[in-house]
Each structure stands twice: as structure tokens, then as C-alpha cells.
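Hi,

Here is the model I promised to pass on. Have a look at it first, and then read my notes below.

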Amino acid sequence: MSDRDQALLDEAVKDIARLKKQRSSQLYLVWLRFKKNRLALVGFIMVCIVLFVAAFAPLLTPYDPYETDPFNRLKAPSRDHWLGTDELGRDVLTRLLYGTRIALLIGVLIVLFEGTIGISLGIFSGFFGGVIDSIVMRLVDVLRSFPVIILAMAIAGIMGQGIMNVIIAMGIVGWTTYARMVRSKILSIKESDYVEAARSIGESKASIILRYILPNTLPTAIVMVCIMMPTALIASSTLSFLGVGVQPPTADWGSMISAGRDYLLDAPWISTSAGLAIMFTVLGFNFIGDGLRDALDPTIKRA
Amino acid sequence: MAKILEIRDLKLSFETEEGTVEALDGVYLDVEEGHFHGLIGETGCGKSITGLTVIGLLDNNARIERGEVLFRGKDLLKFTERQFQREIRGKEVAMVFQDPASSLDPVFSIKDQMLEAVRLNKKEEKQSNERIVKELLNKVKLPDVESLLEKYPHQLSGGMKQRVMIAMMLGRNPSMLIADEPTTALDVSIQAQFLRVLMDLKNTTNLTVLYITHNLAVLTEICDEVSVMYAGRIVETASIGDVFNNPSHPYTRKLVNSILRADSTLDSLEEIPGSVPRLINPPPGCRFHPRCEEAVDECSRVIPPVKEIGTNHLVACLRR
Amino acid sequence: MSKEWLQVKDLRKHFETPKGDLRAVAGVSLKVEKGDSFGLVGESGCGKSTLIRTVLRLLEPTSGEILFDGKDIAKLGKTHIRRLRKKMGLVFQSPHSSLNPRMTVYDTLARPLLIHGITKNKRDTTIEIVKLLKLMGLQAEHMIRYPHELSGGQKQRIAIARALAVNPEIVFLDEPTSALDVSVQTKILKLLDFAKQEKQLTYFYISHDINLIRVVSNKMGVMYLGKIVEIGDTGTVMANPLHPYSVGLFEAVPDPDPDKKLPELILKGEVPSPVNAPSGCVFHPRCPFAWEKCEREEPKLLKQSDQREVACHKYS
């Protein structure tokens, strides 16, 4: 009997090895589908550029983003300063490159913060329903009726200005979007045949969440993060622009636009270049988000 | 009898992300005027696409590579969207789909929708239009017509909606009806009621019906001829009696013997090995050859031509 | 082993809706003996799916008893229900939705084995899975595939393998072939039959397809609006149905014989809503033989012979 079992096992190993050779991994298939979407690929390259710049900013420029130069104020773009200088004589390109770091840092932190809260509350709310669901969803309704910017300004007013408070303010409102999306996804998964099948073989609640619901919610969550990232970037820039977020002299796109505002007619390059940098990054993430949405769902065969 | 519809060597493909789907590959189909013609095949064999081609409702990514679709001698493939809308759809050819709910407008009452359909045909007095509507609804044996007229689609059951669709279609008096799995979503007792309505139309009018389904048993109740479709080609066309009692193509034989009937036993049922091929890179030669017990070498190389093996009995198989 | 091995007594399952109580299962009693293949036939909305889900305790029964192996499982607590899962399997209608799209075949089949501690290590699990795949006519290589890489027939075979993995005593099959093409239907039915012999299983089929039930079952019931109207040996019931609903239902089935044409219809009108179902006999508004007693009094399932029971005043 055991010999026969061993033979079965050997055969299985051989079978699987043969198939594995012919077959590409699931991740690779996702990448293939993603790659077919031109815009997604463009977005991917754009985000790679942004990441590269953030990582190697000091190597890409000879200037220091905080070193002022009173003799070279508001200089137009030239060979020395490709994007000109600002009101304190700092190189705009350098500040732009360093600004990438702040932008990504804030973006990632906001998304992490609101994503963690939102996704976990969404799961609880969707899976357990009842009172928990009612409480969470009413909270979502209440928070969503708050204007984010004014809430952030109020928080800054109470706790003082700074990056951390921007993140907290954004997170307090931002998680609601995740919670709603994840909850509705879970509600539909919960009703699915495969979850009922899981119950019929005796899976525990924890196992159903971990093995059946979470993996099927993951693509939604990943796409959400990619779509929320640019929203977070724009919001944090807006707050910096309004003076409640990142404070000068930190090299930040929002505050650069704000500072350049006074010199818009004489030195338009300051605000414009920062604005374009925001646009570039936001577009990149948006393209990726759309591409991922299509690539991660093998069941949707688009024509 | 004249042929109302002749499909000649129709080849049609779809461009998709994964490649070109060769959905129809050399389809020949003749439908006699006044006959009920069944088109049977499994999921994805191209039977619905054949119907949609006739009524000009193909998706944008469909590409017709060659062939003709002659309706009363006119090639529909040369028609523009405008011509389809003015001369064919509803007026000459009507279509009924599996899901009647999607074909009825949820915000208008049955009366409004029926009147609209009748008005499209001829402009007459309101009173007489309403009379026509009631006659039509009686024709499809809908009970309690008066109260039905005031109802909205969501208040009707699937079977009733399907019959309203037929009544609406009759209002425009087309010469041909394409029915695409009209009873698949219905219960057997409701299906029987629906088939009865079609049978009455068959006996009282000169309507031609192309009945598309995967359910051979349904076809035997109402059809004169049946065409069997497999992976984008028609493999056999014959009278309903011949398909059942004297099937020729190996696929038809297997299909007929795999249907559950009153005297079936597990042993009497035949199975077809393998599964329906995908139509991206379909098998060369005869598309059924990988699953066919009678296949020889040649079958994997040569596309079998259509042969007439008896009166009105056409088969596309090299072994016949 | 008592003869009454699975016995359902006056089982009810009501759902609350804004329009009133929806009586999906309105007092069903039936018996299944070990080794039987029981077939329950009825149209959509008759409550057959709800019935088996209630028996499986995937839904909470409103009232009634479910005796299984001498115990009333209608009153089992949570921990006991989990043990029950090892004895009862369920196969769904659509294999396209009943398999977790993010689980490989290996994981899908390994879960029931691990949950119930049938295999202890990876080697045993793999061997067991290969055996299951072989039983279903599949190869070991299918283990590392995801559902979307399989055809409909293959997916259904995996779903059946999952139900059989724990060596259950009874398997409930909810329209196991109706989402599949005819050409693969036979394969599935034969595999199921083979597995039944091999593992000495009891089957409980539900279907709207009378001909399917005829082929696969030895005992059958006809369900209408939450009630069983006729129950007995498949041969007896099929050959000579007594309840007017059974007669009409069997008549309505299209016969794939071109020489027989549509019969005169007995079933007129539509199935009424199970919310506020008709009084007395639920079938009376559609019944050609109904008289005033049918409106007033609910007929009980009465024995007509050793082979059959019918719930109709005509036969009482």
C-alpha cells in the first residue's frame, strides 16, 4: 500500500515539474496583462522615474536645496540653473528633486495610515455586519460630511503645524473611502458560493476571512492604494500651499507653489515647475491604478 | 418553398486581448420561409453570434472576413447601421433574447411599450391601436390582459415578460424571428407554455423562426430542421427526425446520445471525451477531430466540406 | 444501523421579508436510507435549495427535526456542527462560482483534509489529493492550477472531489450538471456514480431536471412551494405520477423524441409567491381537480402503497 502511495507521489512530482516548466507564474501573467496596457506601462515608467529621483536626489544635482544665494534671486532658467532660482536664490530644480522625497514620504505615510484603518474596519464591518457595521458606517457618513481641508486646518490649529498633523488629518477622513470599498467587496464575497462551500467543509470564521475573503479583497485593496496615493499627494500639497502642512524652508512642492505665487509674473518657473511635478507623479500613479485594476482580475476578459 | 435566409461561407473573428478568436469559420445555413429552424450547439460554439450577425448587432471588435448573409436575396453584410435600423430590425427580423428583462424598459407600462411597438408599424387611431395591442397579448395567451396592460415589467414573471416580448415583436409583423435561448431561464412548466405559443404561431402564421438553443429536446417539440454547430462550424443539417433517428456526424451522434430522455440510463448515455476547444488557435482540419473516435490522419489536416448524404441532409465529415 | 438513517421531520425554514414571512420550507418530512440516491425535483423557488442548506445546517432551521445517525442535528451546537461537516458534503450548481478563485486546486482539496485532521503531513495530503484527482479522472498536474485555468467540467470535478475528500457519508448535489454543457454532463454523472460505488456513499440530488432525477435516483420527491407533494420510489412515481402537480410537471418536460409532440398543458398560470402562499393545498389555484376542500384544508402526505406517499385530497 505504501509502495503504491510512494509511486503516486513520485508520479505527481514528475507531473507537476513538467507542468511548471510549461507554465509561467501567476505574477508573471499579471505583469503580461499589465504590460499590454500602454498607459499603465507609461505610468509605471513615470513612477519609476519619481522613485529614482527620490532615491538619488543628492547625486543628481550639485546644489544644496536649503543654501540661499542673495545674489542670484529669481534668476530665469539658465545653464547653471536649469529651472532658475527662487526668491532666496535656491536652485528650483534641486528643490524639486528633493521635494520628491517629501511628497512620496507623505503620500506613503498617509496611504499606510488611512489604508490600515480603512481596510481593517471595512473587513470587520463587512464580515460581521450587525451593530459593528452600523457603527462603522455611520461614522463613515459623519466623517465624510467634513471638509477635509478645513478639518486639517482645525487640527493644525489645535496641535500645531507640521507633517505629522497633515498625515493625521488626512487619515482621519481618508480611511472612509477604503472602508466603504472594502466593505462592499466583502459583502459580495460573503454571499458567494465559494464562501458557502468553505462553510460546508467546516472552515472556521477566522479561516474564511484569512483564506477566502482576504485574498479576494487584496486586488481591490492594491488598486485602491494606487488610486488613493495621488489623492493623498494632492491633498498634502494643498495643505502645504495653504501653510498648514509642511513648513518652509523644507523643500516641498505645495509650499514651492505657494512661495512662487508672489512672483508669478516675474518668475513663473517656480510655481509652474512644482505644479508640473505634482501632475507628473499623480498621473503616473493613476495610470498604474487603472492598469492594475484590469490586470489583477483574470476573470474580466476585456474585448 | 423559398429560402428566406441563406448564409454562405461566413467567416467571422473577434480581436481580443489574448488573440484572435475564430468564432465562425465557414458557416453555411439555409432557412426556408415559414419553417422553424433550430440551431443547436454548446457554449461558445458561435450560435448566438450567427443570430446577431443576421440582425446586425455584432460587437465592435467583430471582423467579418468573408461570406454572405442573404436575406431574401439581399446581402445583409453590405448593409449600413442605418439600413439595418430602417429595413431589417424589428420590421423584417426580430430577436428575442434569453433575458427578457433587459429588452423591456422598466419605467414604462406594458401598455405604453406595446403601443409604441404597434405605432412604429402603422399610424392609426388610438382606439384601434389599443385593440391591436389586446389582440396581440391574447395571441400569446397572456391571461387577464386588461390588468396586465397597466403593469410594469418588474411586476411580471420571466415567462410573462418573454411572451410580452413575442407580442411586441408580432406587433411589427416581421417575417422572421430569431429566438436566442428564450426559455433557458424559465421553469419547465413555463417553458412548455411558451413553446405552445410558438406552436400556435407556427400553425396560424407564416412566421419563420431561427431557434437558437443548447437544448435539443426543446427543438424536437417545435422545429422542422436542425443545424448542429460545433466550434464555429455547422457540422450537420437535417430534418428533426433525421437528426434524432439517423444522425450522421460523430458529434451529432454523441450529442443525441448524451441527452437525458425518458428511457435513459447511466449506461445508455454516451460521453464525449475532452472539452470544447477554445477558438483562439482552434484545432486544424476538422475542429472535432481531437474528440472524435472515428478520426483519421486526414481529419487533422483537411477542413471537411459539406456533403449532401440524403434529401436535405447535409454533413461536414470526411468519414461520410 | 437503523433504517431511518437520515430523517427530516416537519422541517420549516422561514425568512422574514418586508412583505411577510417567506416560507421557503414549509413543513417537509422525508427519509433517506443509507446507500440511497435520493432525488428531489421542483421548479425554481420551490425551496429545494433552502431545504438541503437547512439540513446541512448552513441555514438555521425555524422548527422541526433532522435526525441523522440517531441524533437530532437541528439542535446541534457549533462544535458539533463542525464534526457534522465531515459526514456531509455539498456540491454546488455552478463550479464557476463555488471554487475560491485565489486558491490552487491543491489548496482547495487540502483544506477539508487538514480541517478534519484526515492527513497529518504534507506527504499524506499530497497522496490523498492525487487519489482524489484520479478518482475524478484528472491528473496530478491539475494540483497547481487555479480555477480559471480549468474548463467547466474540470472545475466541477474539483468541486466534487472537495466534497468527497473527507469521506462523507452523504453528499448533497445541488444541480451538479445544469451549469455544464451536455457533452460533459454524462462524464460528471458517471464519475459521481463510480465514486458512489467506490466509497459507498449516499447521494441527495436536487434538480429541476426530471430526466436527470430519473436517471440518477432510486427514491425521489416532488416539491412545490415549500412542501413535498409526492414521494416514493423513482420508478413508481415516474411511471405513474399521482399528484396533479407531478403529472403536470412531468408532462411539461420536452421529450427529445421528434414523433411525440407537445402534450396538452395541465400546469396553467405561474407559481405563486411563497410569501402569503395559498391556503389549504398550496397547489389548488393551479390544479384542474381542485374543489372547495382543497382551499380549506391542507392535505397530508399519505401512503398510497409501499412505494409512494402523496399529499392530495383526491387520494385521501
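**The sheet in chain C**

Q7(C) has K31(C) as its bridge partner in β2(C). Keep in mind that this is a predicted model. That pair belongs to the antiparallel pairing of β1(C), residues 6–17, with β2(C), which runs over 10 bridges. Another position to look at there is H14(C), which stands opposite R23(C) in β2(C). The two strands make a hairpin, with two residues between β1(C) and β2(C).

On to the next neighbour: β1(C) also pairs with β4(C), again in the antiparallel sense, over five bridges. There, K9(C) sits opposite E65(C) in β4(C).

Put together, chain C has an open sheet of four strands, in the order β2-β1-β4-β5 with antiparallel pairing. Which strands are at the edges? They are β2 (20–32) and β5 (71–72) of chain C, each of which pairs on one side only. Helix α1 of chain C, residues 48–55, lies across β1, β2 and β4 (63–68) of that chain, and it runs at about 115° to β1(C).

**The sheet in chain B**

Now for chain B, which holds an open sheet of four strands with the order β2-β1-β4-β5 and antiparallel pairing. At the edges you'll find β2 (19–32) and β5 (74–75) of chain B, pairing on one side only. Strand β1(B), residues 3–16, pairs with β2(B) in the antiparallel sense over 10 bridges.

**Salt bridges**

Over all chains, the structure holds 49 salt bridges. One of them is in chain B, where the side chains of E92(B) and R72(B) meet at 3.8 Å, N to O. Why pick that one? E92(B) is in the loop between α2 (81–88) and β6 (93–96) of chain B, while R72(B) is in the loop between β4 and β5 of chain B, so the pair ties together parts that are 20 residues apart in sequence.

**Where chain A meets chain C**

Next, the interfaces. The size of an interface is often given as the accessible area lost when the parts come together. For chain A and chain C, the buried area is about 3300 Å², with 57% of it on carbon and sulfur atoms. In residues, 33 of chain A are in contact with 37 of chain C.

How many salt bridges cross the interface of chain A and chain C? The rule finds four. E196(A) and R53(C) form a salt bridge in which the closest N and O atoms are 2.9 Å apart. There are also 14 residue pairs in polar contact between chain A and chain C, both residues being at pLDDT 80 or more.

On the chain A side, the elements that give two or more residues are α1 (2–22), α8 (193–200) and α9 (205–241). The largest share comes from α1(A), with 11 residues. By type, the residues on this side of chain A divide into 14 nonpolar, seven polar and 12 charged.

**Where chain C meets chain B**

Here 38 residues of chain C are in contact with 42 residues of chain B. Chain C and chain B bury about 3600 Å² between them, and 57% of that is on carbon and sulfur atoms.

The count of salt bridges between chain C and chain B is two. K187(C) and E271(B) meet in a salt bridge through their side chains, at 3.5 Å from N to O. Polar contacts between chain C and chain B come to 10 residue pairs, with both residues at pLDDT 80 or more.

Which elements of chain C give two or more residues to the side that touches chain B? They are α7 (182–199), α8 (210–216) and α10 (244–252). Of the elements, α7(C) gives the most, with nine residues. This side of chain C divides into 16 nonpolar, seven polar and 15 charged residues.

Cheers

Methods:
Residues numbered from 1 in each chain as written. Chains lettered and ligands numbered in written order. Predicted model: local features only at pLDDT ≥ 70, side-chain atom pairs only at ≥ 80, totals over all residues. Heavy atoms only, no water. Contact = heavy atoms within 4.5 Å. Buried area = accessible area lost by both parts, 1.4 Å probe. Polar contact = N/O pair within 3.5 Å; in protein donor to acceptor, adjacent residues only side chain to side chain. Nonpolar A, V, L, I, M, F, W, Y, C, P; charged D, E, K, R; others polar. Pairing = 2+ DSSP bridges. Axes fitted to C-alpha atoms, helices over the stretch in contact; angles between N-to-C directions.
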